[in-house]
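Dear colleague,

Below is the structure I promised to hand over, followed by my notes on what was found in it. Please read the notes with the structure open beside them.

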Amino acid sequence: MAAFFRRVAIVGTGLIGGSFALALRKYFPASVVVGWDKPDVLLHAFGRGAIQEGIPDLSRAIAGTDLIYVALPVGHTIELLPEIARLAPPNALVTDASSTKRSVCAVAAESFHEGGAHFLGGHPMAGKEISGLAAADANLFRGSKYALIRASAKEKAANEREQRVAEFVALIEKLGAEPVWLEADAHDRAAAVVSHLPQLLAVALAGVVRSQTDETGLPVTLAGRGLRDALRLAGSPYSVWRDIILTNSDNLERVLDQMIQALEQVRSDLRTRALEEEFSAAGELYKILRDLQ
């Protein structure tokens with residue numbers, strides 16, 4: 001399988017890109033992994049063994065590659081895709097790891113053309129609250145879903161492109177991830193609920209806890225694992241989430257409205273047995289999620 005992608009360029013060697021690079025080095029040692037990023041980040045990536053070459057010039061970094069893995073913030077990905085489409089070898093597969101897909105795939109549709117490199121939208125449903133290469137892990141994708149965006153009927157007609165996509169699907173399965181095919185709109189609606197909303201709730205919860213903490217440190221000094229677990233996502237920086245929120249604000253507004261209504265319902269049920277039903281329903285959903293792991 002290593003022969004599928006003999007030379008791979010990782011455009012952005014942070015948490016996701018660095019983890020993908022480490023996974024390639026672990027499971028596909030015959031592949032040559034090249035990194036593109038800031039020089040100091042590339043030096044770090046080389047020192048960790050994530051990449052074999054660090055090239056800060058984009059055109060040189062992706063020259064001769066079979067696979068180009070774009071792991072940049074959404075806004076940066078959108079800005080860079082037209083240039084990547086222009087520079088990429090005609091037989092290469094270009095895929096991204098952006099947390100929202102509509103805006104990215106729309107730009108890709110305008111930038112990638114017949115006879116050139118092929119684009120496949122993707123989003124590994126894996127991550128950590130800590131960003132950056134230092135947190136990268138070769139096993140980050142293991143046991144996680146990996147969203148892939150369905151190609152149009154016209155794109156599916158190209159056998160060579162179908163083969164490249166099939167090879168990438170086989171690659172991510174080798175990394176321990178489960179591919180899930182979606183339309184871009186469906187992905188962004190789903191991600192708003194299962195990924196983006198929990199992040200914003202953690203931020204809001206942290207704000208409430210901070211506002212209730214007095215000069216003695218209470219109630220934070222009394223907190224146990226439950227609060228820490230609930231606030232884990234609050235450790236993720238705004239710089240990671242800014243573009244995600246901006247490119248999925250319509251879906252986020254919708255689910256936030258539902259969340260506000262749900263909290264209002266909980267408040268109205270505080271002194272009634274209806275709250276028991278809500279606890280029961282929540283517990284059932286938790287069991288489903290636990291069994292999915």
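Throughout these notes, contact or touching means that heavy atoms lie within 4.5 Å of each other. This is a predicted model, in which local features need pLDDT of at least 70 and side-chain atom pairs count only at pLDDT 80 or more, while totals for chains, interfaces and linings use all residues. Residues are numbered from 1 along each chain as its sequence is written, and side-chain values use heavy atoms, with hydrogens and water left out.

I begin with Thr65, which sits in the loop between helix H3 (58–62) and strand E4; helices (H or I, at least four residues) and strands (E, at least two) are DSSP runs, numbered from the N terminus. Leaving aside residues up to four places away in sequence, Thr65 touches Arg7, Val8, Ala9, Pro89, Asn91 and Ala92. Thr65 counts as buried because its relative accessibility is 0%, where buried means under 20% relative accessible area, exposed over 50%, and partly exposed in between, with a 1.4 Å probe and protein chains only. A polar atom of the Thr65 side chain lies 2.7 Å from the backbone oxygen of Ile62.

Arg6, in the segment before E1, counts as exposed, because its relative accessibility is 53%. Apart from residues up to four places away in sequence, Arg6 touches Ala30, Ser31, Val32 and Asp66. Between Arg6 and Gly35, which are 29 residues apart along the chain, the C-alpha atoms are separated by 14 Å.

Next comes the interior. A nonpolar core is taken here as a set of buried Ala, Val, Leu, Ile, Met, Phe, Trp, Tyr and Cys residues joined through side-chain atoms within 4.5 Å. The largest such core has 37 residues, and those that touch the most other members are Phe20, Tyr69, Phe168 and Leu171. At least two residues of this core come from each of strand E1 (7–11), helix H1 (15–27), helix H2 (39–47), strand E4 (67–70), strand E8 (145–149) and helix H7 (159–174), and H1 gives the largest share, seven residues. Another core, of 30 residues, lies apart from this one and has Leu58, Leu80, Ile84 and Ala184 among its members. Phe168 itself, not counting residues up to four places away in sequence, touches Phe5, Phe20, Leu67, Tyr69, Leu93, Thr95, Leu120, Tyr146 and Leu148.

Six aromatic pairs were found in a search of the whole structure; rings of Phe, Tyr and Trp (its six-membered ring) pair if their centres lie within 6.5 Å, and planes under 30 degrees apart count as stacked, over 60 as edge-to-face and the rest as tilted. Phe20 and Phe168 form a tilted pair, with 6.4 Å from centre to centre and 40° between the planes. This pair links distant parts of the chain, since Phe20 is in helix H1 and Phe168 in helix H7, 148 residues apart, and both Phe20 and Phe168 are buried. The pair of Phe141 and Tyr146 is also tilted, because the ring centres are 6.3 Å apart and the planes stand at 50°. Phe141 and Tyr146 are both buried, and one aromatic cluster is formed by Phe20, Tyr69, Phe141, Tyr146 and Phe168.

Turning to the sheet, three strands form an open sheet in the order E7-E8-E9, with mixed pairing; two strands pair if DSSP finds at least two bridges between them. Strand E7 (122–124) and strand E9 (178–182) are at the edges and have a single partner strand each, so one side of each is left without a neighbour in the sheet. E8 and E9 pair in the parallel sense over five bridges, and Lys145 stands opposite Glu178 in E9.

Finally, Pro219 lies in the loop between helix H8 (184–212) and helix H9 (225–230). A cis peptide bond, with omega about 5°, joins Leu218 and Pro219. Pro219 is partly exposed, its relative accessible area being 39%, and Pro219 touches Gln212 and Thr213 when residues up to four places away in sequence are not counted. Pro219 and Ala281 are 62 residues apart in sequence and, from C-alpha to C-alpha, 29 Å apart in space.

With best wishes

Technical notes:
A polar contact is a pair of N or O atoms within 3.5 Å; within protein, one must be able to donate a hydrogen and the other to accept it, and residues adjacent in sequence count only if both atoms are side-chain atoms.
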